[in-house]
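I opened the notebook to record what I looked up. The entries follow in the order I made them.

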Amino acid sequence: FIMAKQVEQLEKEKKELQERLKNQEKKIDYFERAKRLEEIPLIKTAYEEQRVHDMELWEQQEEERITTLQLEREKALEHKSRLSRMLEDRDLFEARLKASRRTVYEDKLKQFQERLAEERRNRLEERKKQRKEERRITYCGEKEEEEQRLREEQLLK
């Protein structure tokens with residue numbers, strides 16, 4: 001009987017503990033929701049302030065970028081006008097340089113053409129000699145075969 005009462009008492013305490021935990025959980029949920037409901041307008045206002053601040057910062061940076069680009073363009077135009085005075089000198093220098101390089105190129109090309117022609121003549125001459133030698137060897141071989149054949153015919157007769 002005492003054991004049963006003790007078990008019953010433990011179960012009762014366990015249920016009370018669970019009930020207390022459930023109530024505590026509900027309270028925490030309620031407070032969290034309330035806190036969030038209070039925070040939502042504050043978050044929205046902070047977001048709007050940050051958005052406005054970001055927009056102002058972007059506009060400021062955009063203006064700085066535009067002014068920087070305008071200054072760079074003005075400097076580039078100044079450089080162009082300053083360097084345009086040197087245009088004739090540059091063209092003259094380029095023309096001289098190209099002319100001198102062309103003469104060097106033409107000289108080298110002429111030397112190459114001469115060497116190429118000489119090499120072609122040498123190879124052609126070599127081939128002529130080689131073909132002449134081959135024809136002579138072939139002729140001598142055929143002549144010898146003919147003589148051999150005639151000797152064999154003579155022997156057979």
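This is a predicted model: local features need pLDDT of at least 70, side-chain atom pairs count only at pLDDT 80 or more; totals for chains, interfaces and linings use all residues.

**Helical turns and salt bridges**

I began in helix H2, where Arg 90 and Glu 94 sit 4 residues apart, a separation of about one helical turn.

I then looked up the contact itself. Arg 90 forms a salt bridge with Glu 94. The closest N and O atoms are 3.8 Å apart. I checked the cover on both partners. Arg 90 has 44% relative accessibility and counts as partly exposed. Glu 94, at 33%, is also partly exposed.

Next I took a second pair in helix H2. Arg 102 and Glu 106 are 4 residues apart there, again about one helical turn. They form a salt bridge, with 3.9 Å between the closest N and O atoms. For Glu 106 I noted 40% relative accessibility, which counts as partly exposed.

**A pair in helix H1**

I moved to helix H1, which covers residues 2-84. Lys 35 and Glu 32 are 3 residues apart in it, so about one helical turn separates them. Lys 35 forms a salt bridge with Glu 32. Their closest N and O atoms are 3.2 Å apart.

How many salt bridges does a search of the whole structure find? I counted 11 from that search.

**A nonpolar patch**

I searched the surface for nonpolar side chains. Tyr 105, Leu 109 and Phe 112 make a nonpolar surface patch of about 290 Å². I placed Tyr 105 in helix H2, residues 87-156. Its relative accessible area is 48%, so Tyr 105 is partly exposed.

**The chain as a whole**

I stepped back to the fold. The protein chain has 2 helices and 0 strands. The radius of gyration is 55 Å, well over the 15 Å that the globule rule gives for 157 residues, so the chain is more spread out than a compact globule. I also looked up the box that the C-alpha atoms fill. Along the principal axes it is roughly 150 × 85 × 20 Å.

I asked what share of the 157 residues is buried. The entry reads 0%. Buried means under 20% relative accessible area. The chain exposes about 16300 Å². Carbon and sulfur atoms supply 55% of that area.

**The annotated spans**

Last, I compared the model with the record. An unreviewed UniProt entry carries the annotation "coiled-coil region" for residues 3-34 and 59-136. I checked the helix content of each span. Residues 3-34 are 100% helix and 0% strand. The end C-alpha atoms of that span are 46 Å apart. Residues 59-136 are 97% helix and 0% strand. Here the end C-alpha atoms lie 97 Å apart.

Terms used. Residues are numbered from 1 along each chain as its sequence is written. Side-chain values use heavy atoms; hydrogens and water are left out. UniProt positions are given in the numbering used here, feature names are shortened, and annotations may be inferred rather than shown by experiment. Patches are made of residues with over 30% relative accessible area and no salt bridge: like charges are joined within 9 Å, nonpolar side chains (Val, Leu, Ile, Met, Phe, Trp, Tyr) within 5 Å. Accessible areas come from the Shrake-Rupley method with a 1.4 Å probe; for residues, only the protein chains shown count as cover. A salt bridge is a side-chain nitrogen of Lys or Arg within 4 Å of a carboxyl oxygen of Asp or Glu. Buried means under 20% relative accessible area, exposed over 50%, partly exposed in between (1.4 Å probe, protein chains only). The radius of gyration is taken over C-alpha atoms; the globule rule is 2.2 Å times the number of residues to the power 0.38.
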